[in-house]
Amino acid sequence: MQKLHPNFTRLLELLADGEYHDGTSLGAQLGITRAAVWKFIQKLMQYGIEVDSIKGKGYRLATPFSLLDAKKITQNLTHPRQVQVAVFEKLDSTNRYLRDLGDIVCPQACVAETMLAGRGRLGRHWVAPFGQNLYFSYAFPFQKDISELAGLSLIAGLATVAALKQCMPDIPFALKWPNDVLVGGSKLVGILVEVQAESNGACTAIIGIGVNVNMSMQTPASAEISQAWASLFSVSGQSTDRNLLAALLLDQLNVSLDRFVETGFSDFVAEWECADCLLGQEITVKNHDKQWQGQVLGVNTLGQLRLLTENGEEKTISAGDTTILKKNSEKPL
């Protein structure tokens with residue numbers, strides 16, 4: 001666990017103009033030595049950030065970017081709920097950080113520039129290059145039993161799409177049960193929801209959301225991703241302000257969670273089906289050693305997948321990995 005060093009943050013701000021800055025002037029503005037400046041430059045390069053260096057001219061970011069900033073995130077929030085926001089240079093996992101806090105009385109959000117042990121569903125590794133994407137977790141305490149939180153991961157997906165549409169209203173984002181956001185058939189967002197019971201009969205949900213934001217095919221870490229993926233940059237050709245996106249995401253989660261507390265998932269079924277890329281498709285669903293095949297009829301009021309099986313029976317499925325059969329799609333989703 002490591003917080004962003006103020007001088008590291010300030011150095012990135014100075015380099016954000018895309019111009020060359022020599023080590024002496026950078027050191028003077030930061031109140032540190034040239035050697036200390038060089039150590040920060042080395043850290044950037046170790047993180048995979050390309051830094052141009054020319055003797056006599058200094059250093060320049062090949063592609064300027066800005067770091068995550070808790071103050072900028074909170075300044076962009078519009079929902080009245082007070083949320084504590086923590087920003088880290090690196091964490092093992094944003095979900096794990098919030099889980100390790102113990103009993104959570106008020107909502108808390110956590111973002112990191114990179115994760116060393118980020119996880120997707122079923123324990124899969126989440127590729128997390130430094131400073132490119134949004135690695136976000138939100139701990140939200142419920143005065144409910146765990147059994148009353150059915151459909152919560154789908155709520156997180158709907159809130160994520162709502163936030164993304166505020167940034168890019170013309171992009172056709174789609175939801176893939178139970179908790180992925182796709183664009184053009186490629187994965188843009190992964191969601192991992194973990195719920196822990198409290199001693200008083202209530203519970204806390206930790207909603208982890210990973211969004212591919214400014215990562216490009218040239219990002220070295222992208223070669224580690226084993227499935228078709230997309231980023232906001234790859235579909236728009238433009239960089240996205242991650243601080244603004246984090247604020248939009250937090251606002252949309254708060255709006256959706258308020259509704260969920262009042263109505264459960266039943267109030268969201270129609271919205272889900274409007275964005276559901278599986279609706280009407282022939283798919284397979286795998287859950288550990290079990291597998292089903294059939295046509296997707298939608299979801300029920302508990303967020304379970306409704307599947308019309310090959311023998312004409314309707315089956316409801318609570319968890320699993322879904323794949324569209326190739327006969328209906330050129331490539332599986």
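I take contact to mean heavy atoms within 4.5 Å. Helices (H or I, at least four residues) and strands (E, at least two) are DSSP runs, numbered from the N terminus.

I note that the model is predicted, so local features need pLDDT of at least 70 and side-chain atom pairs count only at pLDDT 80 or more, while totals for chains, interfaces and linings use all residues. Residues are numbered from 1 along each chain as its sequence is written, and side-chain values use heavy atoms, with hydrogens and water left out.

**Entry 1: helix H1.** I looked up the buried residues (under 20% relative accessible area, 1.4 Å probe, protein chains only). In H1 (residues 6-15) they are Asn7, Phe8, Leu11, Leu12, Leu14 and Leu15. These residues lie on the same side of H1, because they cover an arc of only 160° around the axis, taken from the directions from the helix axis to the C-beta atoms. I find them packed against helices H2 (23-30) and H3 (34-46) and strands S2 (58-61) and S3 (84-91).

**Entry 2: helices H6 and H8.** I looked up how H6 (residues 152-167) packs with H8 (residues 242-263): the angle is about 135° and the axes are 8 Å apart. Axes are lines fitted to C-alpha atoms over the stretch in contact, and angles run from 0 to 180 degrees between N-to-C directions.

**Entry 3: Gln132.** I located Gln132 in the loop between strand S4 (108-115) and strand S5 (134-142). Gln132 is buried, with a relative accessible area of 15%. Leaving aside neighbours within four places in sequence, I list its contacts as Ile49, Val213, Asn214, Met215, Thr219 and Arg242.

Technical notes
Buried means under 20% relative accessible area, exposed over 50%, partly exposed in between (1.4 Å probe, protein chains only).
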